[in-house]
Amino acid sequence: MRRWRGLAIGAGCVTAAVVAISAMVLPASAGTNAVGDPGFESGLSGWTCSGTASAATGTVHSGTYALKATPSAADTAQCTQSVPVSPNTTYTLTAWVNGSYVYIGASGASIWTPSTGGAFQQLSTSFTTSSTTTSVTVFVHG
């Protein structure tokens with residue numbers, strides 16, 4: 001039996017070179033968030049980030065803080081987190097983005113936008129876990 005669950009990451013990009021995100025992974029049936037520190041309200045707790053990532057105020061989709069990182073030619077400023085999932089389940093990963101070249105994804109599924117025109121835009125992609133999958137790595141980079 002397949003069940004649908006939702007994964008949500010709210011992401012925003014202040015400029016083409018800076019990414020700001022607040023993240024949530026919400027199983028549709030349980031209503032609980034599987035991501036630790038989803039809005040970066042506790043810094044980068046639970047996240048593994050490269051480059052210049054930090055939790056900062058400013059352009060956020062919700063809450064007080066967001067992830068801000070500056071990609072470079074050698075570094076995409078990616079942040080990842082492993083989240084628990086159920087086997088044989090379809091998930092939808094959703095993100096709010098604002099800026100240019102923001103990517104989100106998990107478990108082989110990803111989506112990106114070349115530009116949001118200065119306003120927040122929602123991105124979504126779906127994936128189905130295998131019979132042995134119990135965790136996936138959620139990522140965002142710009």
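Visitor: Is Cys79 buried or exposed?

Guide: Buried means under 20% relative accessible area, exposed over 50%, and partly exposed in between, with a 1.4 Å probe and protein chains only. Cys79 is buried, at a relative accessible area of 0%. Cys49 counts as partly exposed, with 27% relative accessibility. This is a predicted model, in which local features need pLDDT of at least 70, side-chain atom pairs count only at pLDDT 80 or more, and totals for chains, interfaces and linings use all residues. Residues are numbered from 1 along each chain as its sequence is written, and side-chain values use heavy atoms, with hydrogens and water left out.

Visitor: Which residues form a disulfide?

Guide: A disulfide is a covalent bond between the sulfur atoms of two cysteines. The criterion here is a pair of cysteine sulfur atoms within 2.5 Å. The structure holds one disulfide. Cys49 and Cys79 form it, with 2.1 Å between their sulfur atoms. The link is right-handed, with 120° about the S-S bond. Cys49 lies in strand E3 and Cys79 in strand E6, so the pair ties together parts that are 30 residues apart in sequence.

Visitor: In what order do the five strands of the open sheet stand?

Guide: Strands of a sheet pair through backbone hydrogen bonds, either parallel or antiparallel. Helices (H or I, at least four residues) and strands (E, at least two) are DSSP runs, numbered from the N terminus. Two strands pair if DSSP finds at least two bridges between them. In this open sheet the order is E3-E6-E11-E8-E9, and the pairing is antiparallel. Strand E3 (48-49) and strand E9 (109-113) stand at the edges with a single partner strand each, so one side of each is left without a neighbour in the sheet.

Visitor: How many bridges join E8 to E9, and how many join E8 to E11?

Guide: Five bridges join E8 to E9. Four join E8 to E11. Both pairs run antiparallel. Tyr103 has Trp112 in E9 as its bridge partner. For Ala106, the bridge partner is Val138 in E11. E8 and E9 form a hairpin with two residues between them, and Ser107 in the turn has a positive phi of about 50°. Four of the five residues of strand E8 (residues 102-106) are buried, so E8 is largely enclosed by the rest of the structure.

Visitor: Over how many bridges do E6 and E11 pair?

Guide: Strand E6 (residues 79-84) and strand E11 (residues 135-141) pair over six bridges, in the antiparallel sense. Val83 has Val136 in E11 as its bridge partner.

Visitor: Which strand pairs with E7?

Guide: E7 pairs with strand E10 (residues 121-128) in the antiparallel sense, over eight bridges. Trp96 stands opposite Gln122 in E10. Strand E7 (residues 89-97) is mostly covered, with seven of its nine residues buried.

Visitor: Where is Gly51?

Guide: Gly51 is in the loop between E3 and strand E4 (54-56). Gly51 counts as exposed, at 55% relative accessibility. Asp75 is 24 residues from Gly51 in sequence, and 6.4 Å from it in space, C-alpha to C-alpha.

Visitor: Which element has the lowest mean pLDDT?

Guide: pLDDT is the predictor's confidence in each residue, from 0 to 100. Where pLDDT is low, the predicted coordinates should not be read in detail. The protein chain averages 75, and 77% of the residues score at least 70. Among its elements, strand E1 (residues 3-15) has the lowest mean pLDDT (44) and E3 the highest (91). Over residues 1-8 the pLDDT is below 50, and this stretch has 40 contacts (heavy atoms within 4.5 Å) beyond near neighbours in sequence.
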